[in-house]
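Hi,

Here is the structure I promised to pass on.

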Amino acid sequence: MTEQLHPEQPRMDYVDGNMLAGPLQEVFAVDLTTATGRCASCGQTGPVAALRVYSNAPGVVARCPSCTEVMLRLVRTPDSAWLDLRGSTFLQIPMPAESFTTPGPVAM
Amino acid sequence: MARTAIPGRLTKRAGWWVARLVDRREETATACTLVLEVPDWPGHLPGQHVDLRLTAEDGYQAARSYSVSAPADGERIEVTVQRVPDGEVSPYLIEGLSIGDQIEVKGPLGGYFVWRMTDPAPVLLVGGGSGIAPLMAMIRARRAAGSRVPFRLIYSVRTERDIYFADELRRRVREDQGLDVAYVYTREVPEISPAQAHRIGVADVNSHGWPPQLEPTNFVCGPTGFVEAVSDILVALGHEPRRIKTERFGPTGA
């Protein structure tokens with residue numbers, strides 16, 4: 001049996017930011033899906049894992065769940081990864097306290 | 001398309017592990033659990049997922065995310081796969097992959113949709129269809145650790161025949177103290193059920209979930225439309241959005 005979507009139903013052809021963990025792991029040393037991001041368009045903050053992710057585009061496009069503007073784009077080519085974050089004001093990444101060290105001036 | 005799971009020339013790189021299928025179990029007519037042996041697997045947390053990658057003979061690659069449905073057992077991990085009609089990857093995983101075949105695995109992935117045993121908050125799990133997979137990992141991890149954290153599961157399925165892990169869930173409810181399971185049937189109810197077939201609604205979540213005053217952690221996993229509906233209900237019932245963790249796997253049937 002096939003599901004018929006009513007025409008007035010909103011598009012549901014997205015998944016969420018949880019699936020970014022694999023593609024982003026190639027680039028970053030930490031899990032960015034637990035990071036909190038702020039949308040540059042509407043100012044909403046929330047976990048990267050809760051973004052709306054459309055992976056049927058070339059690469060992956062992650063949109064703000066509140067205003068649906070693009071917050072993150074990641075395209076993988078054979079020899080590089082393109083990461084476009086212009087739709088995000090910041091990413092706040094949880095870090096363990098013990099790894100926080102500020103390099104001081106070099107002692108002479 | 002004819003496809004070999006992995007060409008021999010591939011070695012572990014960029015976080016991909018070479019795994020071997022060691023066992024498979026039918027869960028429903030359209031879903032099965034694959035038991036993979038991953039040498040040097042570092043272990044995972046309940047709720048995490050892996051990416052599975054297939055490579056065709058011409059080098060074309062396709063990867064998909066799948067939830068791990070059981071706690072790690074040494075180098076063995078279990079993923080439960082629902083067959084997506086016309087899907088690029090799942091029909092091959094269910095029908096084309098034989099015991100002993102190799103496949104590439106990246107993971108464990110994701111630190112968001114994860115139950116941490118150190119968190120004493122009561123837990124509500126709401127699963128739609130194959131969305132039960134990561135929730136089952138949490139139920140099994142709770143059992144394995146002897147945790148007393150109270151768990152409630154609301155499981156929405158089309159019919160009784162579509163329940164994954166049906167026997168084990170019955171047993172868990174009998175044996176695991178502090179675990180309650182309620183079912184919602186969307187197409188056809190079992191004969192003894194007093195309820196009508198319906199989509200999950202406020203009454204289901206209100207009766208079988210926790211009051212927001214207890215500050216439970218709510219994990220919701222299923223098709224995108226299902227997850228949107230349930231998280232809207234939880235917010236309307238007064239749960240804080242940060243206590244609602246969601247995982248969407250696409251349109252219904254995906």
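**What turned up in chain B**

Let me start at B:Pro108, which sits in strand β6 (residues 102-109) of chain B. Keep in mind that this is a predicted model. The peptide bond joining B:Gly107 and B:Pro108 is cis, with omega at about 0°. Another spot to check is B:Asp40: although not a glycine, B:Asp40 has a positive phi of about 65°. You'll find B:Asp40 in the loop between β2 (31-37) and β3 (49-55) of chain B. For context, most residues other than glycine have a negative phi, and most peptide bonds are trans.

Zooming out, chain B is divided into domain 1 (16-109) and domain 2 (123-248). Their C-alpha centres lie 24 Å apart. Where they touch, 15 residues of domain 1 of chain B are in contact with 14 residues of domain 2 of chain B. Between them the two domains bury about 1,100 Å², and 61% of that is on carbon and sulfur atoms.

Then there's a helix pair. The axes of α2 (residues 132-145) and α3 (residues 166-175) of chain B come within 12 Å and cross at roughly 40°, which makes α2(B) oblique to α3(B). The crossing is left-handed. On the α2(B) side the contact uses B:Met136, B:Ile139, B:Arg140 and B:Arg143; these meet B:Glu168, B:Leu169, B:Arg172 and B:Glu175 in α3(B). By type, the residues of this contact split into three nonpolar, no polar and five charged.

Cheers

Note on methods: Residues are numbered from 1 along each chain as its sequence is written. Chains are lettered from A and ligands numbered from 1 in the order in which they are written. This is a predicted model: local features need pLDDT of at least 70, side-chain atom pairs count only at pLDDT 80 or more; totals for chains, interfaces and linings use all residues. Side-chain values use heavy atoms; hydrogens and water are left out. Axes are lines fitted to C-alpha atoms, for helices over the stretch in contact, and angles run from 0 to 180 degrees between N-to-C directions. Helices (H or I, at least four residues) and strands (E, at least two) are DSSP runs, numbered from the N terminus. Angles under 35 degrees count as roughly parallel, over 145 as roughly antiparallel, 65 to 115 as roughly perpendicular and the rest as oblique. A crossing is left-handed if the near helix is turned anticlockwise from the far one by less than a right angle, and right-handed if clockwise. Contact means heavy atoms within 4.5 Å. Ala, Val, Leu, Ile, Met, Phe, Trp, Tyr, Cys and Pro count as nonpolar, Asp, Glu, Lys and Arg as charged, and the others, Gly among them, as polar. Domain bounds come from an automatic or database domain assignment. Buried area is the accessible area (1.4 Å probe) that two parts lose on being put together, summed over both.
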